[in-house]
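Take a look at the fold before going on.

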Amino acid sequence: MNLADGIWRQIFDFDNYGELLALVRNSLIAGVALGLVGGLVGVFVIMRDLPFAVHGISELSFAGASAALLLDANIVAGSIVGSLIAAGAIGLLGSRARDRNSVIGIIMPFGLGLGVLFLALYKGRAANKFGLLTGQIVAVDTPQMSWLLGTSAVVLVALAVMWRPLAFASADPEVAEARGVPVRGLSFAFMIVLGLAVALSVQIVGALLVLTLVVTPAAAAARITASPVLLPTLSVVFAVASIEGGILLALGSSVPISPYVTTISFTIYLLCRAVGRYRARRWGAARAAV
């Protein structure tokens, strides 16, 4: 076997695939929940220009998960605690965009430093350390599944309750505030919801690439539609397709899940961008003809 064949077998190897599929049953179920949460939350991340906040929260989520790993505690719970601390700090200290970016820039290296410290102190399996950064597909056991599904339900209920006023406040905060919408309260509440969504995503794709679930699907959908119904629907479809496809491809390889999820998600974004540009050119040509 030459070098190219060896590398290809590492990336795509479907020997005994049917037997391996049973190992990721929980991950596939969790993937649907995370795709739903990430796709819906991502709509507001794009509307409110918060991709940088997602990355900042993921760093403290990583620190919380690393601390839980070191203490032999529930990793999902540790990840959620770290995310909520970051989201609360950003929500309280960064009411304006300029302040918010400064707070995130301070939180990110602090969270990453803590996470690295906890992992350095951890003497267990190296795969557990690596998985927190780049994701794992067989690490979702039954207790973690309960945490994941329960937290996903909390996020979905919270989004359902505040969807319309949050959409109004995100699209035009000045007018929304003038009409009595609690813009600041909604902003803080959304940061908490975002923290929970990030904590969930870290469990599958890792802390470094959580943007691919919470940002890219919604950004792709926004390239081809502005419909208040179709935009979140497509965002969810793209997120679920990315994570489920990534899990199924990663199962037949020795490569972490994150490269597969990010590649699928990025490909969807490029296709949507191309479709959006094509439609814009056709619309421009039609207007010129008139």
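How many helices and how many strands does the protein have? There are 14 helices and 0 strands, counted as DSSP runs (helices are H or I, at least four residues; strands are E, at least two) and numbered from the N terminus.

Keep in mind that this is a predicted model, where local features need pLDDT of at least 70, side-chain atom pairs count only at pLDDT 80 or more, and totals for chains, interfaces and linings use all residues. Residues are numbered from 1 along each chain as its sequence is written, and side-chain values use heavy atoms, with hydrogens and water left out.

On confidence, pLDDT is the predictor's score for each residue, from 0 to 100. Here's how it looks:

| Part of the protein | Mean pLDDT |
|---|---|
| Helix 1 (residues 3-11), lowest | 60 |
| Helix 12 (residues 216-222), highest | 95 |

Now for packing. Of the protein's 290 residues, 47% count as buried, where buried means under 20% relative accessible area, exposed over 50%, and partly exposed in between (1.4 Å probe, protein chains only). Helix 3 is mostly covered, with 17 of its 23 residues buried. The end C-alpha atoms of helix 3 (residues 25-47) are 34 Å apart, which agrees with the 33 Å they should span at 1.5 Å a residue; that expected span is 1.5 Å times one less than the number of residues. Just after helix 3, Asp49 takes a positive phi of about 55 degrees.

Over in helix 10 (residues 183-205) you'll find Phe188, which is partly exposed at a relative accessible area of 31%.
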